[in-house]
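Welcome to this guided tour. Open your viewer, keep the sequence beside it, and select each stop as we reach it.

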Amino acid sequence: MLSKNLLVRPDGMISFPLIGDVSVAGKTVPQVRKVLEESISKFVPNSPVTVILVTLGSAKVFVVGKVASPGEYVMNGRTTVIQAIAMAGGLTTFAEREGISVLREAPEGLVAFPFDYAEIEAGRNLRQNMELKPGDTVVVP
């Protein structure tokens, strides 16, 4: 019997003996079981697979700098830059509204996206209020 406790990595993958990396992002427990059964059956036919979700981790973003409450925040569904700033209690009096950035890990390294709060307040350049991804950091200088 092959038994393994696995952690889903931030890229949505798990690593399992014999079959290697398997994408489980966005899948239900029954869907993950089926994927594992199909992959393992190539090596061990008719092998039963049981999948049990032990811990459900929440997607998080980080807001640092001149906000009322810097810290780690749980994303409950779609979260934009302005929503993350609001979760952190908003900007402080001395925050630089034009110098905010979103930091994101990418395959090529850390990427910074500029965010101009003043433009959002004025109703301009609304596309910069991008949807955040788990692990993003909003930096408010």
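Predicted model: local features only at pLDDT ≥ 70, side-chain atom pairs only at ≥ 80, totals over all residues.

Our first term describes how covered a residue is: buried means under 20% relative accessible area, exposed means over 50%, and partly exposed is in between, with a 1.4 Å probe and protein chains only.

Residues are numbered from 1 along each chain as its sequence is written, and side-chain values use heavy atoms, with hydrogens and water left out.

**Stop 1: the whole chain**

Show the protein chain as a cartoon. You will find three helices and seven strands; helices (H or I, at least four residues) and strands (E, at least two) are DSSP runs numbered from the N terminus. Starting at the N terminus, the order of elements is β-β-α-β-β-α-β-β-α-β. The radius of gyration is 20 Å, well over the 14 Å that the globule rule gives for 141 residues, so the chain is more spread out than a compact globule. Here the radius is taken over C-alpha atoms, and the globule rule is 2.2 Å times the number of residues to the power 0.38. Along the principal axes, the C-alpha atoms fill a box of roughly 65 × 25 × 25 Å. Of the 141 residues, 30% count as buried.

**Stop 2**

Select residues 100–106 and 109–115. These are strands E5 and E6, which run antiparallel and are joined by seven bridges; two strands pair if DSSP finds at least two bridges between them. Two residues sit between E5 and E6, and the strands form a hairpin.

E5 pairs with E7 in the antiparallel sense over three bridges, and valine 102 stands opposite valine 138 in E7. In a regular strand the side chains alternate between the two faces of the sheet.

Stay in strand E7 and pick threonine 137. Is threonine 137 buried or exposed? Threonine 137 counts as buried because its relative accessibility is 19%. Leaving aside neighbours within four places in sequence, threonine 137 is in contact (heavy atoms within 4.5 Å) with Phe62, Val64, Ser101, Val102 and Leu103.

**Stop 2: salt bridges**

A salt bridge is a side-chain nitrogen of Lys or Arg within 4 Å of a carboxyl oxygen of Asp or Glu. The whole structure has five of them, and we will visit some.

- Select glutamate 37 and arginine 33: their closest N and O atoms are 3.0 Å apart. Both residues lie in helix H1, four residues apart, about one turn of the helix. Glutamate 37 is partly exposed at 28%, and arginine 33 is partly exposed at 31%.
- Select glutamate 131 and arginine 78, whose side chains meet at 3.3 Å, N to O. This pair links distant parts of the chain, 53 residues apart: glutamate 131 is in the loop between helix H3 and E7, and arginine 78 is in the loop between strand E4 and helix H2. Glutamate 131 is partly exposed at 42%, whereas arginine 78 is exposed at 54%.
- Select arginine 97 and glutamate 121, with closest N and O atoms 3.2 Å apart. Arginine 97 lies in the loop between H2 and E5 and glutamate 121 in helix H3, so the pair ties together parts 24 residues apart in sequence.

**Stop 3: two asparagines**

Most residues other than glycine have a negative phi. Return to asparagine 46, in the loop between H1 and E3: its phi is positive, about 55 degrees, although it is not a glycine. Then select asparagine 125 in the loop between H3 and E7, which has a positive phi of about 50 degrees. Asparagine 125 is partly exposed, with a relative accessible area of 43%.

**Last stop: phenylalanine 43**

Finally, select phenylalanine 43, in the loop between helix H1 (29–40) and strand E3 (60–65). Phenylalanine 43 counts as partly exposed because its relative accessibility is 48%.
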